[in-house]
Amino acid sequence: SDSCWQVLDQSNTRNAMVADEQGGVYVMFNDVCCIANCQGAPQTISQALIQHFDSLSNWLWGSGLPVSIRSSYETWTGAIVTDGTGGIIALYNERDSVGAASTLRAQHFDDAGNRLWGNDGVIVKEPGGFTTVASDGQGGLIFTWSFSIQRLNSQGQKMYGENGITFPTGGVEIEVDHENGYI
C-alpha cells in the first residue's frame, strides 16, 4: 500500500550476512523507496535494515531494524561482523541530503536488537566508503579503504588515530587469522 519495497541488495557490500553462532543468521538489506517519477525512470532512496533469523528461519526483529535512527535522508548497506558475544557490528553509509557526501558510521547491536553505541552510532570516516571488513576477534572490527586501515574497539573508539594507518600502495585487504589477529 505504500511506495516502498524490500530488496535484499548486496551490490554495495561483501559481508551483508553473518552467522549468529547459534544456528541463525543476521542479514543487512536495503528497503528501497520510490520518491519521484516511479512509473518512468524511478528516483529512489534506501534505508539499511538488519534482520535476525533464528535457526528455524523465524524473523526475530519484526520487519527489520533500521541501522540508523537519525533523521538522515538515506542509509545503505555496508557490512556486518559478529562481536563474539552473539551480537553484531554494522558498518553503513549515510547522507543527510540529496547530493551530500556520505559518512561511514558503525552501530553495535546485541542479540536482542539493542543499540549499544547510542542512537546515532559512531562516525567512522568522512567521506564514507570502505573496501574490506572483518571482526577483530575482540568485540570490534577492522576495515580498509583505498590506502588505509582502521580498527574500532568494542566501545566504538578508533584505535589507529582519527584517519587510520596509511599505506604507500593501494588495494589494502585484510584476513582474520583465527587467533585473535588479522593479516
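User: Noted. What kind of model is this?

Analyst: This is a predicted model.

User: Ok. What do Asp-136 and Arg-151 form with each other?

Analyst: Asp-136 and Arg-151 form a salt bridge, and their closest N and O atoms are 2.8 Å apart. The two residues are 15 apart in the chain, and the pair links distant parts of it. Asp-136 sits in the loop between strand E10 (132-135) and strand E11 (141-145), while Arg-151 belongs to strand E12.

User: How many salt bridges are in the whole structure?

Analyst: A search of the whole structure gives three.

User: Which residue does Arg-105 pair with?

Analyst: Arg-105 pairs with Glu-94 in a salt bridge, with 2.7 Å between the closest N and O atoms. Here too distant parts of the chain are linked: Arg-105 lies in strand E8 (residues 103-109) and Glu-94 in strand E7 (residues 88-95), 11 residues apart.

User: Is Glu-94 buried or exposed?

Analyst: Glu-94 is buried, because its relative accessible area is 1%, and buried means under 20%.

User: And Arg-105, buried or exposed?

Analyst: Arg-105 is buried as well, with a relative accessible area of 8%.

User: What does Glu-162 bridge to?

Analyst: The side chain of Glu-162 meets that of Lys-158 in a salt bridge, at 2.6 Å from N to O. Glu-162 is exposed, at 57% relative accessible area. Lys-158 is partly exposed, at 22%.

User: Changing topic. Where is Asn-153?

Analyst: Asn-153 is in the loop between strand E12 (148-152) and strand E13 (165-166).

User: Why does Asn-153 count as buried?

Analyst: Because its relative accessibility is 13%, and the cut-off for buried is under 20%.

User: Which side chain does the Asn-153 side chain make a polar contact with?

Analyst: That of Gln-157, at 2.8 Å.

User: Leaving out residues up to four places away in sequence, what does Asn-153 touch?

Analyst: With those left out, Asn-153 touches Trp-117, Gly-139, Gly-140 and Met-159.

Conventions:
Residues numbered from 1 in each chain as written. Predicted model: local features only at pLDDT ≥ 70, side-chain atom pairs only at ≥ 80, totals over all residues. Heavy atoms only, no water. Helix = DSSP H or I, 4+ residues; strand = E, 2+ residues; numbered from the N terminus. Buried < 20%, exposed > 50% of the residue type's maximum accessible area, 1.4 Å probe, protein only. Polar contact = N/O pair within 3.5 Å; in protein donor to acceptor, adjacent residues only side chain to side chain. Contact = heavy atoms within 4.5 Å. Salt bridge = Lys/Arg side-chain N within 4 Å of Asp/Glu carboxyl O.
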